[in-house]
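Dear colleague,

I am passing on the structure below, and my notes on it follow. Please read them alongside the coordinates.

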Amino acid sequence: MCFLSFSGSLESPSKTGPDVQILKLPFKGNFLLNCAKTWSNWIACLLFLPLTVLGRLIEAFFSLKQRFSKHDSSLEGKVVLITGASSGLGEALAKCLYTEGCKLIIASRRYTELDRVKEQLLGSGLRKGTVYPPVIIELDLQDLNNLPDKVRTILGIYGYVDVLVNNAGVSYRGEVTETTLDVDAKVMNINYFGTVALTKALLPSMIIRQSGHIVMIGSLQAKLAIPFRSAYAASKHALQAFSDSMRAEIKHHNVDVTMINPGYIRTSLSVNALTGRGDRYGQMDETTESGADPLQAAYAIVVAMKEKTQELMLCSLFYRFAVLVRAILPNIYFKIMARRAAKGKKSR
Ligand SMILES: NC(=O)c1ccc[n+]([C@@H]2O[C@H](COP(=O)([O-])OP(=O)(O)OC[C@H]3O[C@@H](n4cnc5c(N)ncnc54)[C@H](OP(=O)(O)O)[C@@H]3O)[C@@H](O)[C@H]2O)c1
């Protein structure tokens with residue numbers, strides 16, 4: 001990658017200062033570099049494709065083994081804290097987990113919406129066995145300094161939390177050049193730092209009990225950044241990396257980490273997204289509108305929670321293939337994205 005960007009900057013017409021002139025390669029050198037790039041891409045493709053197929057087969061074997069191995073997969077009676085439970089995927093998760101008989105703690109900023117969710121659950125008759133009325137916690141993930149206090153309040157409810165579902169998040173629509181740094185920071189604060197702060201405040205109690213489960217709702221964009229989503233994709237990439245590091249570190253404390261990377265789900269995510277100026281985007285995107293049903297997505301997540309799946313790509317084969325292309329043929333991916341960005345700009 002370093003190699004590619006180096007050759008790119010050499011060709012940049014805007015860099016004509018003396019230092020750059022000294023670095024400039026003769027035509028033949030550039031030609032050889034380009035050939036090397038093309039050949040290295042093809043060799044990488046030929047080498048990686050069989051390895052990827054083999055890797056997938058091994059993964060499928062282990063996930064089947066895990067599925068059929070005997071472990072207590074019931075979530076009944078578990079204390080589950082869900083952030084962002086006032087709408088969309090969080091609300092659907094609350095419904096599924098309430099039906100499973102979990103002791104729910106539902107959190108977000110809007111008390112009235114959380115109360116609506118709670119009343120709907122209690123009146124739904126979905127739960128056949130013992131009913132645990134959901135407990136509401138008002139919480140703003142941007143308020144980083146206040147999160148440890150919130151966690152103390154949360155731990156005061158049942159004394160512990162079995163599962164933390166980090167679902168709350170905000171999306172973004174805009175161009176890098178037209179986006180204020182405040183917006184980048186806000187998206188990062190909610191999706192990444194707020195989630196990390198909440199996790200860190202709760203984790204010690206799980207480690208003391210030598211038992212716990214942290215579920216991160218990331219995004220397909222944790223793996224694949226698309227144009228006009230820079231702040232959002234960056235925050236989800238960060239969350240993915242944090243989760244991968246943390247998973248390894250806390251495994252021996254019997255605390256599991258499940259990373260969920262959904263594609264499009266039919267929620268208000270795009271409507272609530274921030275623009276580059278920090279306003280509400282306010283539009284239902286076609287892609288979100290035609291996305292998966294939130295309840296179906298929630299159901300798949302609950303299955304992953306029961307099976308303690310470490311990572312779940314909750315999207316179609318097409319998007320999984322795109323992730324593969326990004327990994328093994330990055331230059332092709334960059335070209336497709338550049339075209340998509342140009343098209344997106346024209347249609348504005
Ligand atoms: N929908 C999709 O296509 C899609 C795809 C991939 C990943 N995801 C992820 O799924 C998660 C849920 O999103 P959604 O699709 O259900 O969208 P949504 O309907 O807009 O829900 C977002 C939730 O996050 C909460 N939230 C936002 N800012 C918050 C803050 N500062 N502090 C606390 N809570 C906050 C909101 O509650 P309040 O407003 O009450 O605070 C709301 O409950 C997000 O992490 C999103 O990135 C969604």
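Leaving aside its neighbours within four places in sequence, with which residues is L93 in contact? The contacts of L93 are I82, V165, N167, A298 and I301, where a contact requires C-beta atoms, placed from the backbone, to lie within 7 Å.

Before going further, please note that this is a predicted model, in which local features need pLDDT of at least 70, side-chain atom pairs count only at pLDDT 80 or more, and totals for chains, interfaces and linings use all residues. Residues are numbered from 1 along each chain as its sequence is written.

L93 also belongs, with I82 and A94, to the residues that have the most contacts inside the largest nonpolar core, which has 59 residues. Such a core is a set of buried Ala, Val, Leu, Ile, Met, Phe, Trp, Tyr and Cys residues joined through C-beta atoms within 7 Å, buried meaning that 20 or more other C-beta atoms lie within 10 Å of the residue's own. Helix α4 gives the most to this core, with seven residues, helices being DSSP runs of H or I of at least four residues and strands runs of E of at least two, numbered from the N terminus.

The sheet is open and has seven strands in the order β3-β2-β1-β4-β6-β7-β9, with parallel pairing; strands pair if DSSP finds at least two bridges between them. Its edge strands, β3 (135–138) and β9 (311–314), each pair on one side only.

Around the ligand, the largest share of the shell, three residues, again comes from α4.

Best regards

Definitions and conventions:
Buried ≥ 20, exposed ≤ 12 C-beta atoms within 10 Å, placed from the backbone. Contact = placed C-beta atoms within 7 Å.
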